[in-house]
Amino acid sequence: MTSPSATQDSYPYQNEPVWSKSEKAIARKAFDAALGRELHEVIQETKRMANVIQTSSDLWDLERYLTERRKQIDRKYDYRYSQFTLVFGRLLYENRLSEEDLRGLREDKMKSIRSLAKFLGERAA
């Protein structure tokens, strides 16, 4: 018996979608753009907070903010193909990505991403 990885054209996990080369390029571009926008927001807020530091308490507030944002971003932006449906669904829900950013992904992937974004929206309501 051969292992799944021994078969050249099969994917080791049956329930995970296979990402074509062009889809990987689209995903990378969308991922990087969303991450860049979110990091830009963090930079802007950090500058704002730094400009009003007057006490040691303000300094530690900035440190706590940066630590919490880093943890949130690290949890959210998981660059593994097996996690892309979850990542893009969340980013779509948060309006950090649009469907236009994901244009070119196969419809089965888009359906899963839209479904998760819709679920998150309903859960938040």
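This is a predicted model: local features need pLDDT of at least 70, side-chain atom pairs count only at pLDDT 80 or more; totals for chains, interfaces and linings use all residues.

Trainee: Why is helix 1 called oblique to helix 3?

Mentor: The axes of helix 1 (residues 21-51) and helix 3 (residues 84-93) come within 12 Å and cross at roughly 45 degrees. Axes are lines fitted to C-alpha atoms, for helices over the stretch in contact, with angles running from 0 to 180 degrees between N-to-C directions. Angles under 35 degrees count as roughly parallel, over 145 as roughly antiparallel, 65 to 115 as roughly perpendicular and the rest as oblique, so helix 1 is oblique to helix 3.

Trainee: Which residues make that contact, and what are their classes?

Mentor: Helix 1 contributes Ala27, Ala30, Phe31 and Ala34, and helix 3 contributes Phe84, Val87, Phe88 and Leu91, where contact means heavy atoms within 4.5 Å. By class, the contact of helix 1 with helix 3 has 8 nonpolar, no polar and no charged residues; Ala, Val, Leu, Ile, Met, Phe, Trp, Tyr, Cys and Pro count as nonpolar, Asp, Glu, Lys and Arg as charged, and the others, Gly among them, as polar.

Trainee: What makes helix 3 oblique to helix 4?

Mentor: The axes of helix 3 and helix 4 (residues 107-124) come within 8 Å and cross at roughly 50 degrees, and that angle makes helix 3 oblique to helix 4. The contact includes Gly89, Arg90 and Tyr93 of helix 3 and Ile113, Leu116 and Leu120 of helix 4. By class, the contact of helix 3 with helix 4 has 9 nonpolar, 4 polar and 2 charged residues.

Trainee: Why does Leu120 count as buried?

Mentor: Buried means under 20% relative accessible area, exposed over 50% and partly exposed in between, with a 1.4 Å probe and protein chains only, so Leu120, at 17% relative accessibility, counts as buried. Leu120, found in helix 4, touches Gly89, Arg90 and Tyr93, not counting residues up to four places away in sequence. Leu120 and Gly89 are 31 residues apart in sequence and 8.4 Å apart in space, C-alpha to C-alpha.

Trainee: How do you know whether Arg69 is buried or exposed?

Mentor: Arg69 has a relative accessible area of 13%, and is therefore buried. Arg69 is found in helix 2 (residues 56-76) and, leaving aside its neighbours within four places in sequence, is in contact with Glu38 and Val42.

Trainee: Which residues touch the most other members of the largest nonpolar core?

Mentor: Of its 20 residues, Phe88, Leu91, Leu97, Leu102, Leu105 and Ile113 touch the most other members, and the largest share of this core, 6 residues, comes from helix 1. A nonpolar core is a set of buried Ala, Val, Leu, Ile, Met, Phe, Trp, Tyr and Cys residues joined through side-chain atoms within 4.5 Å.

Conventions
Residues are numbered from 1 along each chain as its sequence is written. Side-chain values use heavy atoms; hydrogens and water are left out. Helices (H or I, at least four residues) and strands (E, at least two) are DSSP runs, numbered from the N terminus.
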